[in-house]
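Dear colleague,

Please find below the structure we discussed, with its sequence. My notes on what was found in it follow directly after.

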Amino acid sequence: MSRPTQDLKQGLNPHNQPELYDTVLSEIINLIKKESGTADPIDGRSSLVSDLDLDSVEVMELIEIIEDKFYVEIPIERLPELETVEDLARLICPLIQEKKN
């Protein structure tokens, strides 16, 4: 059973690792801009679907690119929690930390 997005936001606090979070968020934003070719502003609160107009296939392609970029694997059961760019960064940071340990 997947956790709601609110739990995701509470459980993966960017204040625990602010430098890592800022780097990951910036990299994700750059990847989205590169892949989509958009000149529109993107920030952590940007919705993957409603703001960035990504369909489900495009979201999966983006996740694949992000996984390759950061050498992590996002568990499939966590995918429904990902609504915003910030959600992606908050999920990826602990996965990166796990790889380091």
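Y71 is exposed, with a relative accessible area of 65%; here exposed means over 50% relative accessible area, buried means under 20%, and partly exposed lies in between (1.4 Å probe, protein chains only). Y71 sits in the loop between α3 and α4 (85-100), and its phi is near 55°, a positive value in a residue other than glycine. Phi of D53 is likewise positive and near 55°, again in a residue other than glycine. D53 belongs to the loop between α2 and α3 and is exposed at 60% relative accessible area.

Please note that this is a predicted model, in which local features need pLDDT of at least 70 and side-chain atom pairs count only at pLDDT 80 or more, while totals for chains, interfaces and linings use all residues. Residues are numbered from 1 along each chain as its sequence is written, and side-chain values use heavy atoms, with hydrogens and water left out.

As to the overall fold, the chain has 4 helices and 0 strands, where helices (H or I, at least four residues) and strands (E, at least two) are DSSP runs numbered from the N terminus. Of its 101 residues, 43% count as buried. The accessible surface comes to about 6,300 Å², of which 48% belongs to carbon and sulfur atoms; the areas come from the Shrake-Rupley method with a 1.4 Å probe, and for residues only the protein chains shown count as cover. Among contacts (heavy atoms within 4.5 Å) between residues at least 6 apart in sequence, 68% join residues at least 24 apart.

Next, the charged residues. Side chains of opposite charge can pair when their charged atoms come close. With a salt bridge taken as a side-chain nitrogen of Lys or Arg within 4 Å of a carboxyl oxygen of Asp or Glu, the count comes to 4 salt bridges. One of them joins K69 and E27, with the closest N and O atoms 3.2 Å apart. This pair links distant parts of the chain, K69 being in helix α3 and E27 in helix α2, 42 residues apart. K69 is partly exposed at 38% relative accessibility, and E27 is partly exposed at 26%. R78 and E81 also meet in a salt bridge (3.0 Å, N to O); R78 is buried at 19%, and E81 is buried at 1%.

E67, in helix α3, is buried yet has no salt bridge, and the nearest side chain of opposite charge, K99, is 11 Å away. Lys and Arg count as positive here and Asp and Glu as negative, with His and the chain ends not counted. Leaving aside residues up to four places away in sequence, E67 touches V72, E73 and I74.

Finally, a negative surface patch is formed by E35, D40, D51, D53, D55, E58, E61, E64 and D68. Patches are made of residues with over 30% relative accessible area and no salt bridge, like charges being joined within 9 Å and nonpolar side chains (Val, Leu, Ile, Met, Phe, Trp, Tyr) within 5 Å. The place of a charge is taken as NZ of Lys, CZ of Arg, CG of Asp or CD of Glu. Helix α3 (residues 56-70) gives the largest share of the negative patch, 4 residues. D68 lies in helix α3 and is exposed, with a relative accessible area of 55%.

Yours sincerely
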